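Work through the exercises below with the structure in view. Try each task before you read its solution.

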Amino acid sequence: MSGAIFAIRPEPGLSATVAAGLTMGIRIEGCPLAEIHPLPWQAPDEAEFDALLLGSANAVRHAGPQLARWRGRAAHVVGEATAQAARTAGLSVVSVGRGHLQPMLDDLAQEAPLRLLRLTGEAHVPVTPPENVSIDTRVIYRVVHLPVPPEFAARLAQGGLVLLHSGEAARHFSAECDRLGIAREAISLAALAPRIGQAAGSGWQRVETADQPTDSALLALVRDICH
């Protein structure tokens with residue numbers, strides 16, 4: 001595939017993806033099309049819960065000073081990037097998923113009854129806990145989408161490959177391309193998961209999905225597409 005490669009996720013994930021790409025010999029142009037804004041929230045009594053449930057590193061970054069009350073406490077996290085953020089914050093990571101919360105929750109079905117506090121963003125994937133697990137959810141941040149800048153629109157009009165890390169990003173990017181009259185058939189998409197590729201809709205030159213919902217797997221997919 002010829003053409004530029006673009007990442008549009010918000011910071012600090014964007015810089016991490018660009019840097020990881022360079023280590024794999026992939027030059028990625030970054031243009032964040034979203035920002036993460038923390039929301040005010042009231043932490044419940046931590047004694048009422050056995051562990052935290054974290055589906056994104058953003059839940060750690062934007063929890064604010066109230067997260068300090070959980071230092072040393074258990075946390076179940078969606079993936080390794082979230083695990084790293086949780087450990088840095090002083091949490092004790094007891095289970096790490098493979099990019100999806102639901103399978104990790106299903107694995108807890110044989111455990112003793114668990115009371116989990118889920119810290120998450122305003123737009124989050126619903127989960128169904130097993131009978132022995134109860135979840136109390138607190139929304140602590142919001143993703144604010146940004147318009148495509150004129151310079152980026154001009155680059156996109158020339159075609160290329162765009163990395164998509166979330167369903168919300170996929171829908172926003174699709175809407176922006178339509179708003180600006182950027183031809184979908186000139187752009188290929190590399191999605192972190194099938195639901196993300198589906199959220200982007202149809203009409204693209206090609207849509208490929210990483211074999212695992214991790215940034216490293218997504219970059220490996222990009223490398224394969226480009227070579």
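Two strands count as paired if DSSP finds at least two bridges between them. The model is a predicted one.

**Exercise 1. Give the strand order of the open sheet and find its edges.**

Step 1. Trace the pairing. The order is E3-E8-E7-E4-E5-E6, giving 6 strands in an open sheet. The pairing is mixed.

Step 2. Look for strands with a single partner. These are E3 (34–38) and E6 (92–96), so one side of each has no neighbour in the sheet.

Step 3. On average, neighbouring strands are turned by 30 degrees against each other, direction ignored.

**Exercise 2. Describe how E4 and E7 are joined.**

Step 1. Locate them: E4 covers residues 51–54 and E7 covers residues 114–121.

Step 2. Count the bridges. There are 4, and the two strands run parallel.

Step 3. Pick one pair. Leu 52 has Leu 117 in E7 as its bridge partner.

**Exercise 3. Sort residues of helix H5 (residues 150–157) into buried and exposed.**

Step 1. Use the cut-offs: buried is under 20% relative accessible area, exposed is over 50%.

Step 2. List the buried residues: Phe 152, Ala 153 and Leu 156. They cover an arc of only 105 degrees around the axis, so they lie on the same side of H5.

Step 3. Turn to the other side. Pro 150, Glu 151 and Ala 157 are exposed there.

Step 4. Find the packing partners. The buried residues of H5 pack against E1 (4–7), E9 (160–164), H6 (167–180) and E10 (187–191).

Conventions
Residues numbered from 1 in each chain as written. Predicted model: local features only at pLDDT ≥ 70, side-chain atom pairs only at ≥ 80, totals over all residues. Heavy atoms only, no water. Axes fitted to C-alpha atoms, helices over the stretch in contact; angles between N-to-C directions. Buried < 20%, exposed > 50% of the residue type's maximum accessible area, 1.4 Å probe, protein only. Arc of directions from axis to C-beta. Contact = heavy atoms within 4.5 Å.
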